[in-house]
Amino acid sequence: MSRGSLRGGLYANAIRSGGAQGTFALAVFVLTCLAGAAQADGDAAKGKAAFVRQCAICHTDDKGGDNRFGPNLFGIVGKKAGTVPGFAYTNAFKNRANWEWTEDAIGGWMMFPSTMIPGTAMAVFQGIAERDRDDLVAYLVTLK
Ligand code: HEC
């Protein structure tokens, strides 16, 4: 088991042990810690290459693109989570993901999907390395 997934597991346990309301507050808190502050210096061209390598197997990024194992991600930054038409989200995702995708939230999600939403189908993805995060976010912002 990698250190990343071990850490993710510990956070997930912490989140699970909270009550319903505490759960959301804690998830936001964990996210804020994980996502860090500055996204501004990402390189969208590098982010596109990283997307092709790490996300495209499950996600399309073009307008009106197909849903694959994951939903189409065109226009995802600023969109309410879980609202891509025609995609069957897991119950875990539908029950938890009641936020709008900000740059910070997406940065955290890409690194630790199962920490944010234990039981999500994206948990089969190990998560990206921190060095790719800002580039990927910079690329996702251009998808509009
Ligand atoms: C192994 C397949 C897989 C990979 C690789 C993957 N995802 Fe996902 N992703 C999913 C699935 C499945 C969901 C839906 C989660 C659910 O329903 O539990 C999802 C959901 C999402 C969502 C939320 C979409 C919404 O409508 O709210 C975002 C954002 C996202 N993924 C971004 C990414 C990015 C960026 C990458 C690459 C760094 C990536 N994903 C890599 C499978 C994957």
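**Helix packing and the ligand shell**

In this predicted model, A44, K46, G47, K48, A50 and F51 of α3 meet D132, D135, L136, A138 and Y139 of α7, where contact means C-beta atoms, placed from the backbone, within 7 Å. Helices here are DSSP runs (H or I, at least four residues; strands are E, at least two), numbered from the N terminus. Residue numbers start from 1 along each chain as its sequence is written. Because the model is predicted, local features need pLDDT of at least 70 and side-chain atom pairs count only at pLDDT 80 or more, while totals for chains, interfaces and linings use all residues.

Helix α3 spans residues 44-54, and its axis comes within 7 Å of that of α7, with a crossing of roughly 100°. Axes are lines fitted to C-alpha atoms, for helices over the stretch in contact, with angles from 0 to 180 degrees between N-to-C directions. The pair is therefore roughly perpendicular (65 to 115 degrees; under 35 is roughly parallel, over 145 roughly antiparallel, the rest oblique). Sorted by class, the α3 and α7 contact has 6 nonpolar, 1 polar and 4 charged residues (Ala, Val, Leu, Ile, Met, Phe, Trp, Tyr, Cys and Pro are nonpolar, Asp, Glu, Lys and Arg charged, and the others, Gly among them, polar).

Helix α7 (residues 130-141) also packs with α5: their axes come within 9 Å and cross at roughly 130°, which makes α5 oblique to α7. On the α5 side the contact is made by E103, I106, G107, M110 and M111, and on the α7 side by E130, R133, L136, V137, L140 and V141.

In total, 29 residues surround the ligand, the closest being C55, C58, G70, T90 and F93 (near means a C-beta atom, placed from the backbone, within 6 Å). The shell holds 23 nonpolar and 6 polar residues, and no charged ones.

How values were computed
Two residues are in contact if their C-beta atoms, placed from the backbone, lie within 7 Å.
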